[in-house]
Amino acid sequence: MATDRDVMRLEEEIAGLDALDIVRTERTNRTAQIWSALWPKLAAVAIFFAIWQIVDWSNWREDFALPGPTTVLPDLARLLKTSEFWRVTFATTMRRAFTGYGLAVVLGTALGLGVSRSSIVRRALGSFITGLQTMPSVVWFPLAILVFGPEESAILFVVVLGAFPSVANGLVSGVDHIPPLYLRAGRVLGARGLSSVRHVVLPAALPAYVAGLKQGWAFMWRSLLAGELIVSIGARSSLGAGLFNAGAVNDATHVMAFMIVIFMVGVFVDGFVFSRIEKTIRRRRGLIEVGATA
Amino acid sequence: MDEATISFPNQGLEGHRPAEHVVVSDPRATAVRIQGVSQTYHDGHSSLKALDGVSLDVVEGEFVCLLGASGCGKTTLLNLIVGLYHLSSGTIDVGGRRVALMFQEPALFPWLTIERNVEMGMRFRGVPKAERPAKIRELLNLVHLEGFADRRPHELSGGMRQRVALARALAQEADVLLMDEPFGSLDAMTRDVLHDELERIWRTTGITIVFVTHNVREAVRLADRVVLLSSRPGRVVAEFPVAIERPRRIDAPTVSELSGSITDRLREEVRRHGH
């Protein structure tokens with residue numbers, strides 16, 4: 001017969017054994033971490049500029065058509081130094097981006113929840129949402145300009161149409177792929193209706209939802225820049241308008257400077273927002289294997 | 001010998017200790033009354049009878065193990081008691097008692113820390129926010145995971161995750177705890193420890209436990225009463241009161257002896273349906 005003491009001693013031994021199974025996350029040096037994330041990017045950029053420079057030296061195209069980095073980068077630096085650029089051009093585009101994206105997220109989330117929770121809504125709207133996603137956003141501009149005029153609202157309309165299907169589909173696929181065990185566990189714990197959505201369904205669907213948000217941002221940015229190129233609103237400056245105007249006067253240097261800015265916005269938003277969120281989610285849920293060989 | 005038993009905080013639940021003789025009519029109130037429960041699954045054109053006229057009474061504070069080979073509808077029965085499935089025929093009466101269910105898998109939410117997972121057992125019952133932290137701490141102490149409140153489920157071992165699941169189930173402050181092969185995927189040593197812990201917690205809290213397993217020794221190690229179910233369809237074929245003094249060891253001769261005779265009976269059942 002085991003006495004209490006025996007049981008406790010055994011338990012301590014097992015706790016020791018059990019502990020072998022515990023995942024330990026090691027904290028590495030912060031600078032080392034940043035450097036290891038940064039150097040491959042820097043190397044890629046360096047290789048890109050090297051190739052560009054070689055093409056420039058080869059005189060494959062005249063300098064006015066395809067200028068080299070030594071011409072474009074100083075022009076870009078000049079552009080970034082003017083307060084006018086940040087205050088008006090950049091600010092206008094970013095304001096439209098956030099407004100349009102915000103509306104798209106609200107609409108996409110509402111529709112995504114509707115489709116994922118109700119089979120009737122799914123049958124009614126499911127394929128239409130995906131169909132909308134397959135339509136290139138420029139297709140909407142002729143109609144949007146006729147309906148709204150060459151106004152800000154025409155751009156916003158197309159931006160929202162371009163971005164919300166990704167958000168909705170991300171959420172739907174997230175909800176569809178929730179392991180039933182989580183839902184059953186939630187029900188056994190007493191989660192019903194809205195509390196189940198808030199505390200079980202949405203957190204469980206979060207990874208795919210964030211993937212949808214990320215794709216939605218990309219679609220929004222593409223639609224927005226297409227809109228700014230096509231719909232010229234008075235003399236108001238924006239990234240798209242700046243690019244269009246530079247092209248109109250055959251200023252290839254300025255065209256490329258604007259293109260670099262447009263590209264960098266995408267890179268920064270992914271690197272500093274979405275990649276971070278995704279990584280945090282994966283780390284918290286144990287989806288990053290610790291100690292595995294690459 | 002008795003010292004070991006007395007050192008447990010028994011809270012006046014003397015009835016937990018099985019008497020030498022079997023009491024036929026238990027004076028305690030019935031916690032779960034299952035009467036004539038049949039359950040048939042329809043899958044397109046075919047149908048499967050999972051349970052056939054199962055009747056079973058579990059009294060308050062009792063530890064009952066449902067034992068049977070796979071396919072005997074043990075899980076179905078638990079899901080019916082907790083209300084996850086609709087009952088096709090028969091009645092299940094828990095007399096308004098709160099019922100918690102622990103799954104074979106820990107089923108912890110990977111997006112929450114350990115303490116938040118335990119908190120989920122209180123959140124939907126309207127426990128005021130201010131009262132939760134103290135209760136969470138108490139429960140984590142009870143399952144010996146004091147230092148792991150801020151960890152995430154994936155950082156814990158399998159046995160520890162089941163401890164968290166147990167704490168979460170206890171957080172529901174249920175009167176009846178249903179356990180569906182909760183230690184089935186654990187190694188034997190960790191399982192032994194969890195048996196000790198479960199027995200201790202059961203004695204401290206006085207909770208009624210219905211524990212499903214296909215492991216005969218586990219059933220005899222834990223139960224006041226082992227209920228043997230047949231397979232396809234599930235039926236109660238025999239009941240074995242377990243009058244072995246607690247705390248028990250799974251490798252004690254008395255446990256082995258009773259396990260042996262139950263295993264013989266179980267084999268007979270399997271043979272009968274094995275044609």
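Because the model is predicted, local features need a pLDDT of at least 70 and side-chain atom pairs count only at pLDDT 80 or more, whereas totals for chains, interfaces and linings use all residues.

Let me begin with confidence. The model scores ipTM 0.81 and pTM 0.80. Chain B averages a pLDDT of 84, and 89% of its residues score at least 70; pLDDT is the predictor's confidence in each residue, from 0 to 100. Over residues 1-23 of chain B, however, pLDDT stays under 50, and for that stretch the model has 25 contacts beyond four places in sequence. A contact here means that the C-beta atoms of two residues, placed from the backbone, lie within 7 Å.

Helices (H or I, at least four residues) and strands (E, at least two) are DSSP runs, numbered from the N terminus. Of the 294 residues in chain A, 29% are buried. A residue is called buried if 20 or more other C-beta atoms lie within 10 Å of its own, exposed if 12 or fewer do, and partly exposed in between, with C-beta atoms placed from the backbone. Among the contacts in chain A between residues at least 6 apart in sequence, 75% join residues at least 24 apart.

Is A:Ile51 buried or exposed? It counts as exposed, because A:Ile51 has 11 C-beta neighbours inside 10 Å. Its C-alpha atom is separated by 20 Å from that of A:Phe258, a residue 207 positions away along the chain.

Further along chain A, helix α9 (residues 193-230) packs against helix α10 (residues 239-248) at an angle of about 50 degrees, with their axes 7 Å apart. Axes are lines fitted to C-alpha atoms, for helices over the stretch in contact, and the angles run from 0 to 180 degrees between N-to-C directions. That angle makes α9(A) oblique to α10(A), since angles under 35 degrees count as roughly parallel, over 145 as roughly antiparallel, 65 to 115 as roughly perpendicular and the rest as oblique. The residues in this contact include A:Leu225 and A:Leu229 of α9(A), and A:Leu243 and A:Phe244 of α10(A). By class, the contact of α9(A) with α10(A) has six nonpolar, two polar and one charged residues; Ala, Val, Leu, Ile, Met, Phe, Trp, Tyr, Cys and Pro count as nonpolar, Asp, Glu, Lys and Arg as charged, and the others, Gly among them, as polar.

Turning to chain B, we find eight helices and nine strands, and 45% of its 275 residues are buried. Helix α3 (residues 114-123) of chain B is mostly covered, with eight of its 10 residues buried, including B:Ile114, B:Val118 and B:Met120. Which elements cover them? The cover includes α8 (180-189) of chain A, together with α4 (132-142) and α5 (158-171) of chain B.

The axes of α3(B) and α5(B) come within 6 Å and cross at roughly 30 degrees, and these two helices are therefore roughly parallel to each other. Among the residues that make this contact are B:Ile114 and B:Met122 of α3(B), and B:Val164 and B:Ala167 of α5(B). The contact of α3(B) with α5(B) divides into eight nonpolar, two polar and one charged residues.

Finally, some backbone details in the loops of chain B. B:Ala107, in the loop between β5 (99-102) and α3 of chain B, has a positive phi of about 55 degrees although it is not a glycine, and B:Ala107 counts as buried because it has 22 C-beta neighbours inside 10 Å. In the loop between α4 and α5 of chain B sits B:His144, whose phi is also positive, near 60 degrees; with 15 C-beta neighbours inside 10 Å, B:His144 counts as partly exposed. The peptide bond from B:Arg246 to B:Pro247 is cis, with omega near -5 degrees, and B:Pro247 lies in the loop between β9 (236-241) and α8 (253-273) of chain B.

Notes:
Residues are numbered from 1 along each chain as its sequence is written. Chains are lettered from A and ligands numbered from 1 in the order in which they are written.
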